[in-house]
Amino acid sequence: MKREFTPARLDVAAFAEADARLSGQGSLDEYARLAAEAVEADDPGAVAWEAAGEQRQGAAGRAEPWLHLHAEAALPLICQRCLAPVRTHLEVDRWFRFAPDEDTAAVLDEESEEDVLVLSREFDLPGLVEDELLMALPITPRHETCPQDVPLSVADPDFEAADKERVNPFAALAKLRPGKPK
Ligand SMILES: [Zn+2]
């Protein structure tokens, strides 16, 4: 019999043991923290994800639950060059390894390349999807080629200069340290 899993309250160990899969897709509005980063646009944005469980042999011979997550989102952000909305694509593709408790997770996290999370019988999978997509947000979203009829684009040299400083905060910091070579 196939077992049903609930994304918002996922029994991670059982999910991994069953090699189960879950997927979801919906509007950006369902992800409040991510939606807060987006701007108003005709196309409000969307999120899609897929998770797969897998059980692996741990160091102590104990079965260790792993989870693979693939998530994508498209959302309107503000282009830092022309200040118009730019539809931005985010993608996350990574493995997570689960430890039985906080202490073990901290130790494993030191020695492993993957992210280590604490095992839960009620794991918030959509919360993880949202966390990961938030981390994938670009620091300075930009059009590949900005729309041409944007009034602020290249005309104003002060604006261009201000834009450059915003893009590189370290340049501004360097100016405050007189001893540093340029
Ligand atoms: Zn632009």
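Predicted model: local features only at pLDDT ≥ 70, side-chain atom pairs only at ≥ 80, totals over all residues.
Residues are numbered from 1 along each chain as its sequence is written, and side-chain values use heavy atoms, with hydrogens and water left out.

**Exercise 1. Describe the secondary structure and the burial of the chain.**

Start with the elements: the chain has 6 helices and 5 strands, where helices (H or I, at least four residues) and strands (E, at least two) are DSSP runs numbered from the N terminus. Then turn to burial, where 35% of the 182 residues count as buried; buried means under 20% relative accessible area, exposed over 50%, and partly exposed in between, with a 1.4 Å probe and protein chains only.

**Exercise 2. Work out which atoms coordinate the zinc ion and what arrangement they form.**

First, list the donors, which are N, O and S atoms within 2.8 Å of the metal (3.2 Å for Na, K and Ca), bearing in mind that water is not among the atoms, so sites may look incomplete. The zinc ion is coordinated at 2.0 to 2.4 Å by the SG atoms of Cys79, Cys82 and Cys146 and by ND1 of His143. Second, consider the angles: the 4 donor atoms subtend 101 to 121° around the zinc ion, and the arrangement is therefore tetrahedral, a label given to four donors if all angles lie between 85 and 135 degrees. Third, read the donor residues along the sequence, where their spacing is C-x2-C-x60-H-x2-C. Cysteine 82, in the loop between strand 3 (63–78) and strand 4 (85–99), and cysteine 146, in the loop between helix 4 (125–135) and helix 5 (157–167), are 64 residues apart, and this pair links distant parts of the chain.

**Exercise 3. Examine helix 4 and what covers it.**

Begin with the buried residues of helix 4, which are Leu125, Gly127, Leu128, Val129, Glu130, Glu132 and Leu133. Their cover includes strand 1 (21–27), helix 2 (32–35), strand 2 (46–57), strand 3, strand 4 and strand 5 (115–118). Then inspect the start of helix 4, where a side-chain oxygen of aspartate 124 comes to within 3.0 Å of the backbone nitrogen of glycine 127.

**Exercise 4. Find where aspartate 19 and leucine 83 lie, and give their phi values.**

Recall that most residues other than glycine have a negative phi. Aspartate 19, in the loop between helix 1 (12–17) and strand 1, has a positive phi of about 50° and counts as exposed at 53% relative accessibility. Leucine 83, in the loop between strand 3 and strand 4, has a positive phi near 65° and is partly exposed, with a relative accessible area of 37%.

How values were computed: Tetrahedral: all angles 85-135°; square planar, octahedral: opposite > 155°, others 65-115°. Contact = heavy atoms within 4.5 Å. Polar contact = N/O pair within 3.5 Å; in protein donor to acceptor, adjacent residues only side chain to side chain.
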